[in-house]
Amino acid sequence: MAFDLTEYPPKTFSDKYQKYLAPHGLLLEPSQVLKNKKLGNSAEDTLRKAFKITVKKLKKMKSACANCNKTEGVREECGECRAVRYCSQECRVVRQEAHDLVCHHLKDELLDQVVECLPGPVPLGREVLRGRGGPVQDWHDWLFRHTVISDNIATAATIVSQWWPYTSLPHPGEAALRASLERIVTNVFSTVLTIGHSPFWFSTLTSDLQQARALHIHLLGADEPEVSAVESGLIQVASRVIGRPLVVTLVAPDLTNHPQTFSWSTTHPHQVTPSVSAVAYPGLYHDFWRDHIANNDHPSQVSRPDVALAIHPGVHTDEMLALWKPTLMLLAYERVPLVMTTYNQAEFQETLKKLEVLKPNIVYQELNPLRSLHAKQTPYEPDHVWAANSYIIAIDNSSAK
């Protein structure tokens, strides 16, 4: 085991001190926070101690040997990332080649984890809808041309810099703090932008995007990221990218863990905006298809999807492939284009191997240009990292035989 997953220290810190540090959802400067009498007379000492404890917990999460998982005598540390440790030079040598591939990611992660302790540093309001619409080429395009978030990040970096002395860590420089905040922001928008770009991977859908009707995207295996995108209203970013009204349909057994979606029915969709709505179905996709698409006489019949999207379906394992196989075969039979995302390259490559048995018509299999740049160490494997929506696999079922 690489580290204990029972607690994520930055979230614990942020949740505990949010009401003081960001009472209105936006991070305040230290001078403003310390005026709050509810923190007590020793507010500054309290916050410094809390940061110290959090940083100590972060280091403890990765205190075992990255090669043999030994916990005693682990004294050797990677001098570059300071995120992995070894019990001996022999263990370091065994891991060196694999670690070199992820060292810079782990160095960034360590900085990002400290920045994550601070709640609400970057305001993400209506400014995400002020720039030009249409497809987004990459994160530079999104941050600097589609929105004015880059200005907010620059301001946030200045405030985060004022908090840095409380961490008792060496200051990384404002440029590094801006880069960290950018990575964290990409994690916020990766899923909605991936949803919005799902039709663009298929030439067969390009001409349809010129039509005025609403586009229907089915989100298969939907869970927290997709539910949050709808609840927060961020899903309207996907509509802005497509340039069309949008109906997203969330289908997954795990939606039973999100009771707020029970009212997003096929007959009474959740209206996010006048042009964006959401439907939810807490069950298996082939059951949803039978009851609400194939059944012409059903009072709650819904439109066929223009494209289906599975965020991290996990079909790189035999167990998950078996669970997904009926849905994959249904989409192929019904000629519905499908997009999948994976967390990292290893999962991506294994997914392609597992899909070979179905002989899919894959038209795109590459890094997602709008993947989250907020990479994290993979649990139980110190020399692997993961990030949301890292790779795209687009299957054009419209030409399936």
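pLDDT is the predictor's confidence in each residue, from 0 to 100. The structure is a predicted model, in which local features need pLDDT of at least 70, side-chain atom pairs count only at pLDDT 80 or more, and totals for chains, interfaces and linings use all residues. Residues are numbered from 1 along each chain as its sequence is written, and side-chain values use heavy atoms, with hydrogens and water left out.

The average pLDDT of the protein is 91, and 95% of the residues score at least 70. Over residues 1–5, pLDDT stays under 50, and the model has 17 contacts beyond four places in sequence for them; contact means heavy atoms within 4.5 Å. Where pLDDT is low, the predicted coordinates should not be read in detail.

Two helix pairs are described next. Helices are DSSP runs (H or I, at least four residues), numbered from the N terminus. Axes are lines fitted to C-alpha atoms over the stretch in contact, and angles run from 0 to 180 degrees between N-to-C directions.

| Helix pair | Angle | Axis distance |
|---|---|---|
| H6 (residues 139–146) and H7 (residues 149–163) | about 90 degrees | 6 Å apart |
| H12 (residues 285–294) and H13 (residues 318–333) | roughly 45 degrees | within 8 Å |

H6 and H7 are therefore roughly perpendicular to each other (65 to 115 degrees). Trp 142, Leu 143 and Phe 144 of H6 make the contact with Ile 149, Ser 150 and Ile 153 of H7.

Methods:
Angles under 35 degrees count as roughly parallel, over 145 as roughly antiparallel, 65 to 115 as roughly perpendicular and the rest as oblique.
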